[in-house]
Amino acid sequence: MLLTIMTKADGYLQFMTVLFLFVFVLAVTYLVTRWIAKYQKGNAGFRNLEIIETCRIASNKYIQIVRVGSKYLVIAVGKDEVHMLSEVSGEELSFQESYGQTMEFAAVFDKIRKLKEKDKE
């Protein structure tokens with residue numbers, strides 16, 4: 001009887017240890033990933049270049065709107081080449097209000113849940 005209790009306690013202790021280590025590794029991975037992203041974004045040093053919008057037109061071909069200083073350029077990006085298509089003024093472009101803002105996961109989850117509820121009705 002005592003051996004059975006010890007075996008169960010050992011199993012429970014091992015499970016809790018593995019669970020703790022898993023959560024710890026997950027948390028460290030999350031924090032390191034965020035730190036690397038901030039580091040790379042901060043060290044990029046691109047204050048005059050910004051990709052505004054990208055549209056995929058083929059498997060490895062894109063059209064991008066790029067801000068260079070105060071000018072906006074439309075470029076075609078292929079596998080091995082980049083071509084400037086035209087220059088557009090800032091007044092010709094429409095920008096989203098929430099550009100550059102991030103949404104919390106709970107807000108995104110609530111939006112999706114509400115959409116699913118509307119679909120069921």
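E50 and R67 form a salt bridge, with the closest N and O atoms 3.1 Å apart; the term stands for a side-chain nitrogen of Lys or Arg within 4 Å of a carboxyl oxygen of Asp or Glu. Because E50 belongs to strand β1 and R67 to strand β2, the pair ties together parts that are 17 residues apart in sequence. R67 is buried, with a relative accessible area of 17%, whereas E50, at 27%, counts as partly exposed. Here buried means under 20% relative accessible area, exposed means over 50%, and partly exposed lies in between (1.4 Å probe, protein chains only).

The model is a predicted one, in which local features need pLDDT of at least 70 and side-chain atom pairs count only at pLDDT 80 or more, while totals for chains, interfaces and linings use all residues. Residues are numbered from 1 along each chain as its sequence is written, and side-chain values use heavy atoms, with hydrogens and water left out.

Helices (H or I, at least four residues) and strands (E, at least two) are DSSP runs, numbered from the N terminus. Of the 121 residues in the chain, 12% are buried. Among contacts (heavy atoms within 4.5 Å) between residues at least 6 apart in sequence, 6% join residues at least 24 apart. The chain exposes about 11300 Å², of which carbon and sulfur atoms supply 63%; accessible areas come from the Shrake-Rupley method with a 1.4 Å probe, and for residues only the protein chains shown count as cover.

The 4 strands make an open sheet in the order β1-β2-β3-β4, with antiparallel pairing, where two strands pair if DSSP finds at least two bridges between them. β1 (49-58) and β4 (82-88) stand at the edges with a single partner strand each, so one side of each is left without a neighbour in the sheet. From one strand to the next, the twist averages 20°, taken between N-to-C directions on a scale from 0 to 180 degrees, with axes as lines fitted to C-alpha atoms (for helices, over the stretch in contact).

β1 is joined to β2 (residues 61-68) by 8 bridges, and the two form a hairpin with 2 residues between them. Within this pair, E53 stands opposite I65, and I51 has V66 as its bridge partner. β2 in turn pairs with β3 over 7 bridges, Q64 being partnered by I75. This hairpin also has 2 residues between its strands, and G69 in the turn has a positive phi of about 65°. Finally, 6 bridges link β3 (residues 71-77) to β4, with L73 opposite E87.

The salt bridges number 3 in total. D110 and R113 lie 3 residues apart in helix α2 (residues 105-120), about one turn of the helix. R113 is partly exposed, at 39% relative accessible area.

Helix α1 (residues 2-43) contains F20, which is exposed at 58% relative accessibility. F20 contributes to a nonpolar surface patch of about 920 Å², made together with L21, F24, V25, V28, V32, W35, I36 and Y39. Patches are made of residues with over 30% relative accessible area and no salt bridge, like charges being joined within 9 Å and nonpolar side chains (Val, Leu, Ile, Met, Phe, Trp, Tyr) within 5 Å.
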